[in-house]
Amino acid sequence: MSSSIERLQELKELISKYRIAYYEQDETLVSDAEYDALERELKALEAQHPELAQASPTQAVGSAASAVFSPVKHLEQMLSLDNAFDEQEFMAWALRVGGGPFLCEPKIDGLALSLTYENGVLTKAATRGDGEVGEDVTANVLTIKTIPHRLAGKGHPKAIEIRGEVFLGKEDFDELNASIVSEGGKPFANPRNCASGSLRQKDPSVSAARPLRMLVHGFGSWPGEIANQSEVYQLLSDWGLPTTREFEVVEDAAAAYRFISQLQQRRGEIEHEIDGVVIKVDALERQRELGKTSRAPRWAIAYKYPPEQVNTKLIDIKVSIGRTGRATPFAVLAPVLVAGSEVEFATLHNQEQVKAKGILIGDTVVLRKAGDVIPEILGPVATLRTGVETEFVMPTQCPECGSTLAPASEGDVDLRCPNSRSCPAQLRERIAYIGSRSALDIEALGYVSATALTQPIEPAIPPVTSEADLFDLTLEKLLPIRSYVLDPDTGLPKHDANGEPKTVSFFAKRDGSPAEAAIKLLDNLEQAKSKPLWRILVSLSIRHVGPVAARALADHFGSAAGIFNASAQELAEVEGVGPTLAQSIIDWHTEDWHRQILQRWEAAGVLLAIPGHEGPGSVSKDGIFSGLSIVITGSMVSLNREQAEARVIELGGKAASSVSKKTSFVVAGPGAGSKLAKATELGIEVIDEAQFLARAGLDSN
């Protein structure tokens, strides 16, 4: 009994501390998921000891208004929302409120704001505060361009409170943080903190300089009569107030849950951060009947998605070496669940980025992972430092081969390992890249098998010591291989429960006969010999040569010999190449061991020319997109953007990155932004994913 009460008091103190930091200091000491778990635990204990629930943060809304701003008493209490974290909890709420129709909309991760209009004129803007009294931020809000100072139309109520969220768009946030870092400042940890910190400024000119925006989603005090929440949205829009286009009215809980699931799949496409979906009973009369608790309406609930941003411990910073020798610091983290997967590592790009982020080894850091995006550390939670944290020092030598790291050229921020031929890390990464979708797309040649081929425990000399060996592999060379199992994020050996490195035999069964992996790899390699020339060029890991440039070179010269025998001027004249890339190609070919790759591949039967190509200057006519410049923007369902662009290139087209008068057509998926607008402005044809798949000869199913 006493331990439960002690824990209850401890939770009250912790949650109050985190609320003050979040609402008053614009700082996130714990992740949303950790906070939600603590609040749920406290509610469970309070249910067991209701006599101790008084003066609890579970009964409060927000936090007290800051003394920096004048207090504003809301005309009607500005409530928070109760949460649901899974389908069962959501369905239980839907049953309690008696079913739909429901209005569903994205839950913006921003700063709650109340706008008071008197006779159509904006007279007051206030933060939520404790729900009863907020902070007067009117002067700052008047600088936000999307908030009208006077409502459009006529017949406005004498006084009305409009409620909504202030936020920064994702792109605006990234640009603002980059600007702050370039000036030596401390970047914001997330867009929500940035929006709050930008709005709660003494000097309105600071707010004016930040790209703040607002979307409104309802009202507080209003004497008017209207039937449904969805009609409120139309009215607010008619008055010139910014409302979301993402809302939908559905008939029942099952349809609402489908909306929740579908929006979660599109989460990354929304222009602003969201952390879930708000579901409201649409009928306002039923809202009034259901009423509210001390902190939240009973007629609405927030369905919270798994967090894309969490706090965790930065255990260490190590350095990995990429296929072109680039030395990249990466964070070793206390394992944490974020965006539905466990994360232990995150890239830090280069030593300058480590400094710019202001992180120290031992820090509690803010980690973000949005969908399939690579995990990224946004910054430290500096207030949690204990004094034992240490600064990261970039090594001077390659961690895998010992070569001295140095910039590839003057002014290059990145350090590189110059031992491109013999560095185990570079070879492993290059072989894995050859198997990737961007290069030869060899299904059986992934990171694990590339490691086995280049760095086995047995035999002592690996069967692949250079790309030149790849197409000479045989069963006899594959069967003896036994290798460490490496982590694809770090290149370091994985360990078992006893701390021993994990090893595995990839290509032989226990009886010594060939495993399916061996047979499949050899079959895949045989098929890869006839892949398009541009893919062969990409697979050589020539610096700066990606799919678009490779296709342009292949189309122009028609053969590897034509490309590598060309002068720098001849290469640079090819569209999309230029002098830097041209010199990179020439530099690559001056190395004897690079030329040996081409010789050995050709001897093994790799096709190094486009059949029927008439030589430099002629254009391959082997695809329905030949001569077309195609831009792909937004997201796609059947394939990702990289795959779509690869298909464009395979069919003879140019996968362009920007829209111009030369653009043939634009493929626009959900989330398409400025490129779609530019295409519309120029009168360029725009098609959707289904139309693209049909033109590209791909099955939409």
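Four strands make up an open sheet, arranged in the order β5-β4-β7-β8 with antiparallel pairing. Strands and helices here are DSSP runs, numbered from the N terminus: a strand is E with at least two residues, and a helix is H or I with at least four residues. Two strands pair if DSSP finds at least two bridges between them. At the edges of the sheet stand β5 (121–127) and β8 (213–219); each has a single partner strand, so one side of each is left without a neighbour in the sheet. Neighbouring strands are turned by 35 degrees against each other on average, direction ignored.

Before going further, please keep in mind that this is a predicted model, in which local features need pLDDT of at least 70 and side-chain atom pairs count only at pLDDT 80 or more, while totals for chains, interfaces and linings use all residues. Residues are numbered from 1 along each chain as its sequence is written, and side-chain values use heavy atoms, with hydrogens and water left out.

Now look inside the sheet. Strand β4 (residues 111–118) runs antiparallel to strand β7 (residues 159–167), and 8 bridges join the two. Y117 stands opposite I160 in β7. Helix α8 (residues 229–238) packs on this sheet and touches β7 and β8, its direction making about 135 degrees with that of β8. Contact means heavy atoms within 4.5 Å. Angles run from 0 to 180 degrees between N-to-C directions, and axes are lines fitted to C-alpha atoms, for helices over the stretch in contact.

Next comes a pair of helices. Helix α3 (residues 87–96) packs against helix α9 (residues 253–265) at an angle of about 140 degrees, and their axes are 10 Å apart. On the α3 side, E87, F90, M91 and A94 take part, meeting A253, A254, A256, Y257 and I260 in α9. The residues of this contact divide into 8 nonpolar, no polar and 1 charged. In this count, Ala, Val, Leu, Ile, Met, Phe, Trp, Tyr, Cys and Pro are nonpolar, Asp, Glu, Lys and Arg are charged, and the others, Gly among them, are polar.

Let us move on to a group of cysteines. An unreviewed UniProt entry lists C398, C401, C417 and C423 under "binding site". They span 26 residues in sequence, yet no two of their C-alpha atoms are more than 8.6 Å apart, so they gather at one spot. UniProt positions follow the numbering used here, feature names are shortened, and annotations may be inferred rather than shown by experiment.

Where does C398 lie? C398 is found in the loop between β16 (376–380) and β17 (406–407). At 4% relative accessibility, C398 counts as buried; buried means under 20% relative accessible area, exposed over 50%, and partly exposed in between (1.4 Å probe, protein chains only). Apart from neighbours within four places in sequence, C398 is in contact with I321, S403, L405, C417 and C423. C423 sits in the loop between β18 (415–416) and α12 (424–434), and is buried with a relative accessible area of 0%. Not counting residues up to four places away in sequence, C423 touches I321, C398, C401 and C417.

Our last stop is another open sheet, in which 3 strands are paired antiparallel in the order β19-β20-β21. Its edge strands are β19 (456–458) and β21 (503–505), each pairing on one side only. The twist averages 35 degrees from one strand to the next. Strand β20 (residues 482–484) and β21 pair over 3 bridges, and the bridge partner of S483 is V504 in β21. Helix α13 (residues 447–454) lies across β19 and β20, running at about 45 degrees to β19.
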